[in-house]
Structures are given as C-alpha cells and as structure tokens.
Amino acid sequence: MSSAMIQEIIAFVLYLGIMIYIGIRFMGKNNNSEDFFLGGRNLSPWTTALSAEASDMSGWLLMGLPGVAYLTGMKEAFWTAVGLEIGTYLNWLIIAKRLRKYSVLCNNSITIPEFLTNRFKDEKNIISSISALFIVLFFIVYTASGFVACAKLLNSVFNLPYICGLLIGVVVILLYTLLGGFSAVCTTDSIQGSLMFVALIITVCIMTVTLGGPNGAAEKVSAFGSQFLNPFSAEGDKSFGAMSIISSLAWGLGYSGMPHILVRFMGIRSNKEIKVSRRIAMVWVTIAMFSAIIIGALAKAYLLAPLEDGKQETVIISTLLQTYQPFIAGVFLCAILAAAMSTADSQLLVAASAFSEDFCQNILKRKFEPKTMVLVSRITVLCIALIAFVISLDENSSIFSLVSYAWAGFGATFGPLIFLALFWRNATAKGAVAGIIAGGLTVVIWHNIPASIAPIFGLYEILPGFILCLLFAVVVSLLDKNKNPQMLEEFDAYKALED
C-alpha cells in the first residue's frame with residue numbers, strides 16, 4: 001500500500017468517525033417522534049440553511065452534474081442549474097415561512113403526509129396512505145443514488161470492489177441516522193455542506209489558474225467544441241433545443257414537493273430566522289452548483305488523461321486526485337462522500353417517518369409509546385435502506401438518472417398540493433387525493449415511455465406530472481361541494497397569524 005493511499009485512508013477514517021460520533025452524541029436526545037423527525041423544531045438559521053441545501057444537492061452535485069458537463073458541455077448542466085436556482089429561491093421565499101406556521105397550527109404536524117391530512121381534514125387517512133406509498137417508492141430510488149455515489153467514490157479512490165464500497169457507505173449512513181435522528185442528520189449535513197462548499201471553490205480557482213486564467217481556460221476548453229462553455233450552442237451530436245431547455249428548467253418545479261427539504265422549514269426554531277436562512281442557502285447553492293459545473297467543463301482540458309466511457313461521473317474525483325497532496329485530496333474527497341451521505345440520510349429519515357407516523361399510527365390505528373415509536377422508526381430506516389441497497393447493486397447505474405426520476409416523482413406528486421394547501425382556501429381532501437394519484441402515476445408512466453414513440457415523451461416527466469396533479473386537484477376540489485367548516489376556519493386562522 002502506497003503512502004499516498006495511507007494518507008487518503010486516514011482522511012476518510014477521521015471523517016467517517018466524526019459522523020458516527022455525532023450520531024452517538026444525539027442518540028439520547030430523541031425522546032419522541034418530534035425529536036427524532038424534527039429535532040424539536042429547534043434548528044438554527046445556519047443549520048437549517050446548510051442542511052437543507054446539502055440534503056438537496058446530494059451526490060449528483062459532485063458527480064452527476066459535473067459528469068454531464070464533462071460529457072456534453074454546459075448545455076444541459078447549465079439550464080438544469082438555472083432551473084434549480086430559481087426553484088430554490090422561490091421555495092425559501094414562498095413556502096418556508098408559511099409551511100412552518102401552518103404545520104404547527106395543523107395539530108403540530110411533523111411529516112408532509114401528516115400536514116396534508118390535517119390541513120384537508122381527511123378523517124379516513126386516504127391522503128396519508130397514498131402519500132406514504134409514493135414517498136417510500138421514490139425515496140428508495142433517491143436513496144439508491146446516494147449509495148451508488150458512495151460506492152463509485154470508494155471504488156475510484158481505493159480500487160475497492162464496487163460491492164465493498166457500497167457496503168461501507170450504507171453502514172456508516174445507517175449508523176448515524178439510526179442513532180441520532182433528525183438532529184444528527186442536520187448537524188452532519190451542515191458539516192458536509194461546508195466541506196462541499198470549500199472544496200468546490202478552491203478547486204475551481206486552482207484549475208482556472210493552471211489553465212492560464214479565465215481567458216486561457218476558456219480557449220483551451222473551447223478547443224473541444226463551442227458547446228463546452230456556451231449553453232446556447234447547438235453544436236454536438238444533437239441539438240439542445242427548446243424542449244430540452246424546458247425540461248432542464250423544469251427541475252425547479254421539484255423543490256415545492258421535496259419532503260426532505262420541506263421538513264427543514266418545519267424544523268426551524270422561528271419564522272423570523274427564515275430570511276437569514278434563505279440568504280445563506282442562496283449563496284451556498286449558487287456558488288456550489290455553478291462551481292461543480294465549471295469543474296466538469298474545465299476538466300476536459302485539465303485532466304492529463306481523458307476519462308473512459310462510463311466513468312464521466314467520476315470527473316471530480318480524478319480532478320481532486322490530480323490536483324492535491326494525498327491527505328488534502330482525501331479530505332476534499334470526503335466532500336463527495338458528504339454529498340452522497342447528506343441526502344441519503346435525510347431521505348431515509350423522511351421515508352421512515354412516512355411509514356411509521358403516517359402508516360402505522362394513522363392507517364393501522366396503532367398508538368405506540370414515544371420510545372416505541374422511535375424504535376419502529378429505526379427499524380423502518382433499516383428496511384428501506386436494505387431495499388435501496390439491492391437497487392444499488394448495479395454498478396452501471398447513473399446517479400444523475402436515478403436522481404432525475406425520484407426528483408420528478410416528488411415534485412409532481414406533492415409540489416402542487418403544497419402550493420394549494422398554503423394559498424387556496426377551497427382546496428379539499430378529495431382534490432388532494434386526486435392530485436397525488438394523477439401526479440405520481442403520470443411520472444411513473446411517462447418515465448417508461450420511450451421518446452421514439454412521439455417527441456413529446458422526450459419532455460422531462462416532472463412537467464406533465466406537475467400540470468396534471470394541479471389540474472386534477474383544482475377541478476375535483478371545485479366539484480367537491482362538501483367543504484369542511486373546520487378546515488375553512490383553520491385556514492382563516494392560519495392566514496391571520498402574524499409571522
């Protein structure tokens with residue numbers, strides 16, 4: 001074993017040890033479900049902002065998105081980033097404060113299905129059961145993408161067999177998630193978000209200087225084709241036309257339906273601190289996302305040896321190993337591990353809450369003691385992780401593709417309903433059920449229809465899913481004449497609340 005690899009191993013072991021320690025530290029602070037899933041609604045602005053964005057960006061930010069930029073240039077990566085940038089800002093501006101305020105009023109709801117059930121006064125718990133089903137389905141896929149990122153990282157850096165890297169990543173994520181719950185996840189996400197941020201900024205600066213400054217870098221990369229730095233270029237194997245741009249921008253619609261991001265809004269300790277969190281989050285996401293894309297594009301000229309086909313998603317790994325002394329490279333490579341872990345842990349927690357809170361208690365009508373409920377939640381985390389692990393066994397899986405499918409699923413299933421729940425007084429439970437089913441099924445069906453049948457099916461499935469969810473929810477709510485008086489009264493009370 002070389003000295004370089006030993007230094008990289010030391011960096012990884014230290015990092016993983018800190019993550020597990022945080023889980024152990026918070027283990028004794030989970031006395032009930034609100035502690036385990038929302039940290040007692042006591043998150044600081046910094047923790048809320050960094051954990052929300054770190055859990056959002058995941059391994060696709062440091063592997064999937066740069067891989068797309070390396071392979072095809074700025075076209076798809078740039079427009080996807082623009083859509084996500086807009087979506088992030090609107091999510092913080094329009095939804096965050098209102099969701100926290102309304103979720104407290106709605107019987108102190110601690111999960112998204114529970115909030116929707118309480119908001120629409122669904123006494124039959126149909127919303128909870130359908131929501132839990134779609135949450136578990138799409139989060140299994142999303143969690144699998146994080147596991148794949150961990151496995152590819154450890155395989156690339158240490159030449160570990162894919163399955164060994166996969167097992168290590170899964171075990172560590174499970175340990176601190178099972179032990180510490182929401183507080184541990186948010187604390188680790190904050191650390192991981194900071195590490196990702198620093199690694200991206202420093203690496204972009206070094207690459208740019210090495211390639212001769214901004215002008216020199218642009219000239220060298222443009223030699224591979226104008227599309228590598230020009231998001232409007234049609235150069236390449238296929239034109240990146242209007243439909244492709246719309247599909248990429250449509251990623252921004254997903255934010256309003258992401259349970260693992262929305263629960264951060266519900267967990268912040270004060271509505272007054274959301275503005276601070278929003279500013280922190282926007283600075284983080286803007287710099288991190290565009291730095292990742294720039295690294296992917298510049299690597300075309302920066303890397304001494306081109307990446308093999310199928311290895312494009314390891315572009316940042318190769319860049320870090322070429323750029324830094326082994327121990328520093330190991331520390332920054334932990335940022336990639338952090339990206340994968342920060343989303344996988346959040347997704348496991350939200351999927352577990354959907355099952356334990358919204359299925360066991362609301363559907364099965366089983367009331368557990370607080371400590372027992374935490375135990376049930378931990379068992380659920382383990383089961384969901386095992387299913388995601390099985391999906392992750394395919395080492396040819398694309399991180400970007402897995403995230404794209406899950407992102408569409410959540411955005412189309414829950415996004416329109418969150419808007420309606422917060423802004424439309426006359427939305428009803430029947431409308432919500434119709435919207436959830438229409439949005440979720442549209443994504444699943446649209447995703448599996450090849451574009452060769454008709455060009456329209458080349459459109460990203462989140463857009464038709466989002467539109468149909470909104471349409472069905474509005475139409476059925478308008479047709480539903482049985483407006484619940486308590487629901488209307490509670491909505492009026494929510495609108496009257498001061499921030």
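Helix H5 meets helix H15 through Ile112, Phe115, Leu116 and Arg119 on the H5 side, and through Phe414, Leu417, Ile418, Leu420, Ala421 and Leu422 on the H15 side. By class, this contact brings together nine nonpolar residues and one charged residue, with no polar ones. Keep in mind as you look around that this is a predicted model.

**How H5 and H15 pack**
- Two packed helices are described by the angle between their axes and by the distance between those axes.
- For H5 (residues 112–119) and H15 (residues 399–423), the angle is about 45° and the axes are 11 Å apart.
- The crossing in which H5 passes H15 is left-handed.

**The largest nonpolar core**
- The largest nonpolar core holds 138 residues.
- Leu61, Leu116, Phe120, Ile336 and Trp407 are the members that touch the most other members.
- Helix H6 (residues 126–158) supplies the largest share of this core, with 19 residues.

**A closer look at Thr314**
- Where does Thr314 lie? You will find Thr314 in the loop between helix H11 (274–302) and helix H12 (315–323).
- Is Thr314 buried or exposed? Its relative accessible area is 9%, so Thr314 is buried, the cut-off being under 20%.
- Leaving aside residues up to four places away in sequence, Thr314 touches Met63, Ser156 and Leu307.

Technical notes:
Residues numbered from 1 in each chain as written. Predicted model: local features only at pLDDT ≥ 70, side-chain atom pairs only at ≥ 80, totals over all residues. Heavy atoms only, no water. Core = buried A, V, L, I, M, F, W, Y, C linked by side-chain atoms within 4.5 Å. Buried < 20%, exposed > 50% of the residue type's maximum accessible area, 1.4 Å probe, protein only. Helix = DSSP H or I, 4+ residues; strand = E, 2+ residues; numbered from the N terminus. Axes fitted to C-alpha atoms, helices over the stretch in contact; angles between N-to-C directions. Left-handed = near helix turned anticlockwise from the far one by under 90°. Contact = heavy atoms within 4.5 Å. Nonpolar A, V, L, I, M, F, W, Y, C, P; charged D, E, K, R; others polar.
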